[in-house]
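The exercises below are meant to be worked through with the sequence and the three-dimensional structure side by side. Try each task before reading its solution.

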Amino acid sequence: MAEKMKCPKCGADLPANAPSGLCPQCLMKAGMNNSGKDKKAGPSELSSADTTSATPPGGFEPLEPKELAEKFPQLEIIELLGHGGMGAVYKARQKQLDRLVALKILPPEVGQNPAFAERFMREARSLAKLNHPEIVTVYDFGHTEDGLYYFLMEFVDGTDLRRIIQAGEITSDQALAIVPKICEALHYAHKKGIVHRDIKPENILLDAEGNVKIADFGLARLLDKPTSAYTLTQSGQRMGTPHYMAPEQVEHPKKVDHRADIYSLGVVFYEMLTGELPIGRFAPPSKKVHVDVRLDEIVLHTLEKEPELRYQHANEIKTDVETVAGKDQGANVSHKRQARYHPSTSAEAC
Amino acid sequence: MQDKNQRNSISAGKPRFATTHWSVVSAAGKSSSPQQKQALETLCRSYWFPLYAYLRQRGYDTHQAEDLTQAFFGHILEKKDLQTADPKYGKFRSFLLVRLKYFLSDQRDRARAKKRGGDRKILSLSIQNAEGQYALEPAIQLSPEQLFEKSWALTVLERTMSRLEDEMAQKKKRNLFDCLKVYLTTDKDVIPYQDMTTELGMTEGSVRVAVHRLRRRYRKLLRDEIAQTVGGVDQVDEEMESLFAALAY
């Protein structure tokens with residue numbers, strides 16, 4: 001075997017049959033960028049990129065803070081935090097309130113769709129009604145005179161779960177503390193009929209006090225980008241993968257319900273415990289790392305391929321995780337199911 | 001990769017990248033004309049490998065998979081199977097996989113028919129490197145369907161890149177393509193344009209413009225390629241997302 005080449009963009013091993021020696025996933029993603037309905041070649045390919053700078057594969061060229069400041073006189077734009085297919089996020093300060101905020105600018109092309117304005121107002125209103133300590137609060141939303149759509153949000157001074165996992169700094173105890181928090185937030189949103197659709201470590205923020213905050217609720221639906229192909233974090237741009245998506249979300253992106261979030265949470269949970277993604281014929285967490293064997297059942301139950309076989313509500317996961325994490329050593333993890341996991345059936349979960 | 005042209009090649013004398021839209025072929029239904037049949041054959045010749053990979057993954061050996069692939073396409077072309085105007089066949093790849101499954105389940109009857117003297121037509125394909133390609137897939141953990149979808153996505157990308165490469169070569173810009181193709185998946189922050197100026201004898205600004213044009217052309221060709229295999233241009237984005245997901249298997 002020849003030595004493995006890596007994609008300079010996403011760092012994945014290049015397969016031997018990589019088209020023209022390029023990373024297939026990045027190559028497909030490059031085609032998806034600002035896809036819109038791009039029958040209009042040329043200038044539609046994003047005005048700012050036309051002559052002076054080429055469009056980066058990750059999305060559009062975000063405006064410089066100085067350029068943006070003209071459009072938001074009430075804000076002091078401090079710096080660009082990150083950008084990707086779902087827009088760009090800036091750290092800013094509300095001058096009157098002297099409060100730090102995160103300003104998310106959606107990709108400019110969304111405004112070109114006449115139907116978007118109405119959808120944006122409708123969806124943004126319901127997102128702004130989410131009021132939960134573990135969900136990033138939306139303070140305001142709207143569009144500028146020249147059609148840039150934005151959200152003004154709570155600024156989370158911290159990091160995201162991706163960075164913590166990558167640094168190998170997460171312990172199973174921390175994972176068991178974080179997951180119930182995510183469950184609370186999901187359960188709250190699900191009761192209001194809002195599905196996140198893009199739960200992944202990049203969207204789970206942790207502030208300096210260790211509080212969990214879920215970002216980008218409902219944004220995937222709003223932007224009609226149902227995959228994790230587009231990732232935006234407050235810490236920078238990163239190539240996403242569909243590994244966090246429930247099987248039904250891959251097959252029928254427009255027909256998912258809240259149980260897709262439960263599956264995605266299962267992937268994140270598995271990754272937090274093992275440092276790996278549950279791909280193919282994956283082993284239960286306790287076979288890979290030293291964790292309570294009762295966690296296997298919880299994790300694998302969230303990763304059931306069929307939504308009907310999964311946990312039906314996020315708060316059930318919270319209860320089971322807290323049972324394992326608590327003092328209740330003798331308690332059995334949940335109810336109706338017993339040892340549902342069979343490697344052969346889970347192999348196609350992804 | 002040295003065989004990618006072989007893999008995508010079709011019979012001598014026919015263009016490598018004839019544009020054929022599945023939507024047009026499938027819309028013909030029962031009344032398919034010779035031209036539409038020819039168009040279907042062109043599509044089949046472009047996308048046979050994913051079916052071969054599917055068959056291998058289902059446990060058929062090399063020769064069986066080759067024979068079945070060719071026989072299946074022969075069957076499709078012979079049987080006018082396009083009568084199935086069911087919406088679930090909206091994509092060419094869905095149509096092929098569903099029909100292939102029917103075809104396989106019918107194999108016992110076919111074998112009997114063959115013994116009685118009946119036979120079937122085959123579609124002759126440049127299939128000699130199929131096993132080499134199949135061996136490149138780290139396919140142990142994939143279901144046959146997953147491998148089919150992943151192979152399909154790779155075939156789409158390969159055809160797109162081959163076409164782009166051909167176009168550039170025709171414009172005597174082969175070296176430019178070789179140097180700049182990496183920017184289809186990365187950007188100047190990872191590999192500065194400055195690195196290319198000496199090799200290409202171009203200014204940094206010219207490299208930037210060339211990269212921009214290459215990306216734009218690539219996107220156009222990729223969308224065109226996918227548009228050929230779905231029911232309409234409005235399905236291109238959805239199909240692209242499905243293919244992206246399949247590449248992660």
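**Exercise 1. Describe the make-up of chain A and chain B.**

Solution. Begin with chain A, in which buried residues make up 57% of the 350 residues, where buried means under 20% relative accessible area, exposed over 50% and partly exposed in between, with a 1.4 Å probe and protein chains only. This is a predicted model, in which local features need pLDDT of at least 70 and side-chain atom pairs count only at pLDDT 80 or more, while totals for chains, interfaces and linings use all residues. Residues are numbered from 1 along each chain as its sequence is written, chains are lettered from A and ligands numbered from 1 in the order in which they are written, and side-chain values use heavy atoms, with hydrogens and water left out.

Next, count the elements: chain A has 12 helices and 10 strands, whereas chain B has 13 helices and zero strands. Here helices (H or I, at least four residues) and strands (E, at least two) are DSSP runs numbered from the N terminus. In chain B, buried residues account for 54% of the 249 residues.

Then turn to contacts, meaning heavy atoms within 4.5 Å. Of the contacts in chain A with a separation of 6 or more, 60% are between residues 24 or more positions apart; in chain B, among contacts between residues at least 6 apart in sequence, 71% join residues at least 24 apart.

Finally, compare the surfaces, computed by the Shrake-Rupley method with a 1.4 Å probe. Chain A exposes about 15,400 Å², with carbon and sulfur atoms supplying 50% of it, and chain B exposes about 11,100 Å², with carbon and sulfur atoms supplying 48%.

**Exercise 2. Work out how helix 5 of chain A packs against helix 11 and helix 8 of chain A.**

Solution. Take helix 11 (residues 314–325) to start with: its axis lies 8 Å from that of helix 5 (residues 172–191), and the two pack at an angle of about 160°. Axes are lines fitted to C-alpha atoms, for helices over the stretch in contact, and angles run from 0 to 180 degrees between N-to-C directions. That angle makes helix 5 of chain A roughly antiparallel to helix 11 of chain A, given that angles under 35 degrees count as roughly parallel, over 145 as roughly antiparallel, 65 to 115 as roughly perpendicular and the rest as oblique.

Now list the residues that meet. From helix 5 of chain A they include Leu176(A), Val179(A), Cys183(A) and Leu186(A), and from helix 11 of chain A they include Ile317(A), Lys318(A) and Val321(A). By class, this contact of helix 5 with helix 11 of chain A has nine nonpolar, two polar and three charged residues, where Ala, Val, Leu, Ile, Met, Phe, Trp, Tyr, Cys and Pro count as nonpolar, Asp, Glu, Lys and Arg as charged, and the others, Gly among them, as polar.

Repeat the steps for helix 8 (residues 259–274) of chain A, whose axis comes within 10 Å of that of helix 5 of chain A and crosses it at roughly 170°. Helix 5 of chain A and helix 8 of chain A are therefore roughly antiparallel.

**Exercise 3. At what angle do helix 1 of chain A and helix 12 of chain B cross, and which residues make the contact?**

Solution. The axes of helix 1 (residues 24–32) of chain A and helix 12 (residues 204–227) of chain B come within 8 Å and cross at roughly 95°, and the two helices are therefore roughly perpendicular to each other. Leu27(A), Met28(A), Ala30(A) and Gly31(A) of helix 1 of chain A make the contact with Tyr218(B), Arg219(B), Leu222(B) and Arg223(B) of helix 12 of chain B.
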